Amino acid sequence: MAQWSIYDGRPWSGTRAAALRAVCSCGWSGPEHPLDWDEIGDRALAEAAETVADGCTREWDAHTEDVERSAIPLPEAVSVLLEQLHAELEKLEKTSPLAAVRAARRLEVTAVETGYWAAHGSRGDATVEQAAAALGLSEDETRRTLARFGRWSPYR
């Protein structure tokens, strides 16, 4: 979520927000929630519109849950391992940040290695539209992701 609270119309902030809305990189947009500036008055926008922003966050959370449910499921063993790894890395970052960075780098290398063949294998399996739905991404983000892992130009 963008830092919405700076759009209060003050000289150093720029324009005044007319409404808040949750949006996603996949192209989804939640409903618009108009802001009543007469009611907001001189209060800080972050405080005055906190309830509206919380509603937008709940809408976005619901959207991401829908996307997760509609994306291609991961095998349970992989999901469990990823959750365990995430929890362990969160612990590690508190006790040894450099070790956590080293682990993140190893994950990055693993992703590049396994993603290469997976990206190439997926090219013939699905259209960009089908791949985007399976991955829970926008079509543009799907093209970029597959190109990054497959090491080809996203413009081909």
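These legends accompany close-up views of a predicted model. Residues are numbered from 1 along each chain as its sequence is written, and side-chain values use heavy atoms, leaving out hydrogens and water. Local features need pLDDT of at least 70 and side-chain atom pairs count only at pLDDT 80 or more, while totals for chains, interfaces and linings use all residues.

**View 1. Helix 7 (139-150) and its buried residues.** Helices here are DSSP runs of H or I with at least four residues, numbered from the N terminus. The end C-alpha atoms of helix 7 are 16 Å apart, in agreement with the 16 Å that its twelve residues should span at 1.5 Å a residue; the expected span is 1.5 Å times one less than the number of residues. Look for T142, T145, L146, A147 and G150, which are buried (under 20% relative accessible area; over 50% is exposed and in between is partly exposed, with a 1.4 Å probe and protein chains only). Their cover includes helix 5 (97-123) and helix 6 (128-135).

View 2. With a relative accessible area of 53%, R151 is exposed.

**View 3. Y116 and W117, an aromatic pair.** A search of the whole structure finds one such pair. W117 counts as exposed, at 63% relative accessibility.

**View 4. Arginines over tryptophan rings.** The charged end of R16 sits over W37, 4.2 Å from the ring centre. R123 lies over the face of W152, at 3.8 Å from the ring centre. The criterion is NZ of Lys or CZ of Arg within 6 Å of the ring centre and within 35 degrees of the ring normal.

Note on methods:
Helix = DSSP H or I, 4+ residues; strand = E, 2+ residues; numbered from the N terminus. Contact = heavy atoms within 4.5 Å. Phe/Tyr/Trp six-rings, centres within 6.5 Å; stacked < 30°, edge-to-face > 60°.
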